[in-house]
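Me: Hey, I've just opened this one and I'm new to it. Can you walk me through it?

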Amino acid sequence: MEVKIGVQHAPREITLESGQSAEAVERAVADALGGKAQVLSLEDEHGRKILVPADRLAYVEIGEPSARKVGFSAL
């Protein structure tokens, strides 16, 4: 699933493909914004961790689960 994270005072957003469920991502964001965690920690499909300080979060956009694309396309 695609997750986009806006960070305050950063010119670009962070985009990652996460293997976590939408509920797990939402729970992690809620914990960070609610003060339960100092850092928003998410893991992408390749096992890399993305850490964003909770006080610097501008927004988090949780997308639909992405289907795997196979073959070539003109799109």
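Me: Leaving aside its neighbours within four places in sequence, which residues is Val 3 in contact with?

Reply: Quick note before that: this is a predicted model. Val 3 touches Ile 14, Thr 15, Leu 16, Ser 18, Val 25, Leu 42, Val 60 and Glu 61.

Me: OK, and which residues have the most contacts inside the largest nonpolar core?

Reply: Those are Val 3, Ile 5, Leu 40, Leu 42, Val 52 and Leu 57, in a core of 15 residues. E1, H1, E3 and strand E4 (49-53) each put in at least two residues. The largest share, four residues, comes from H1. As a general point, nonpolar side chains in soluble globular proteins tend to be buried together.

Me: Let's do H1 then. How many residues does it have?

Reply: Helix H1 has twelve, residues 22-33. From first C-alpha to last it reaches 16 Å, close to the 16 Å expected at 1.5 Å a residue.

Me: Which residues in H1 are buried?

Reply: Val 25, Ala 28, Val 29 and Ala 32. Looking down the axis of H1, the buried residues fall within an arc of 95°, so they line one face of the helix.

Me: And what covers the buried residues of H1?

Reply: The cover includes strand E1 (2-7), strand E3 (39-43) and strand E5 (57-62).

Me: What about the face of H1 turned away from its buried side, which exposed residues does it carry?

Reply: Glu 23, Glu 26 and Arg 27 are the exposed residues there.

Me: Where is Ala 30 found?

Reply: Ala 30 is in helix H1 too. Ala 30 counts as partly exposed, because its relative accessibility is 45%, which falls between the 20% and 50% cut-offs. Its C-alpha is 9.1 Å from that of Leu 40, ten residues apart along the chain.

Me: What follows H1?

Reply: Gly 35 does, with a positive phi near 90°.

Me: Switching to strands. In what sense do E1 and E2 pair, and over how many bridges?

Reply: E1 and strand E2 (residues 14-17) are antiparallel, with four bridges. Ile 5 stands opposite Ile 14 in E2. The two strands make a hairpin with six residues between them, and His 9 in the turn has a positive phi of about 65°.

Me: How many bridges are there between E1 and E5?

Reply: Five, and that pairing is antiparallel. Lys 4 sits opposite Glu 61 in E5.

Me: And E3 with E4, how many residues lie between them in the hairpin?

Reply: Five residues, and Gly 47 in that turn has a positive phi of about 85°. E3 and E4 pair in the antiparallel sense over five bridges. Leu 42 has Ile 50 in E4 as its bridge partner.

Me: Which residues make up the covered face of E4, and which the uncovered one?

Reply: Ile 50 and Val 52 are on the covered face, while Lys 49, Leu 51 and Pro 53 are on the uncovered one.

Me: Last topic: how many salt bridges does the structure hold?

Reply: One. Asp 44 pairs with Arg 48, and their closest N and O atoms are 2.8 Å apart. That counts because the cut-off is 4 Å. In general, side chains of opposite charge can pair when their charged atoms come close.

Me: Is Asp 44 buried or exposed?

Reply: Asp 44 is buried, with a relative accessible area of 9%. Arg 48, on the other hand, is exposed, at 52%.

Methods. Residues are numbered from 1 along each chain as its sequence is written. This is a predicted model: local features need pLDDT of at least 70, side-chain atom pairs count only at pLDDT 80 or more; totals for chains, interfaces and linings use all residues. Side-chain values use heavy atoms; hydrogens and water are left out. A salt bridge is a side-chain nitrogen of Lys or Arg within 4 Å of a carboxyl oxygen of Asp or Glu. Buried means under 20% relative accessible area, exposed over 50%, partly exposed in between (1.4 Å probe, protein chains only). The expected span of a helix is 1.5 Å times one less than its number of residues. The arc is that of the directions from the helix axis to the C-beta atoms. Contact means heavy atoms within 4.5 Å. Two strands pair if DSSP finds at least two bridges between them. A nonpolar core is a set of buried Ala, Val, Leu, Ile, Met, Phe, Trp, Tyr and Cys residues joined through side-chain atoms within 4.5 Å.
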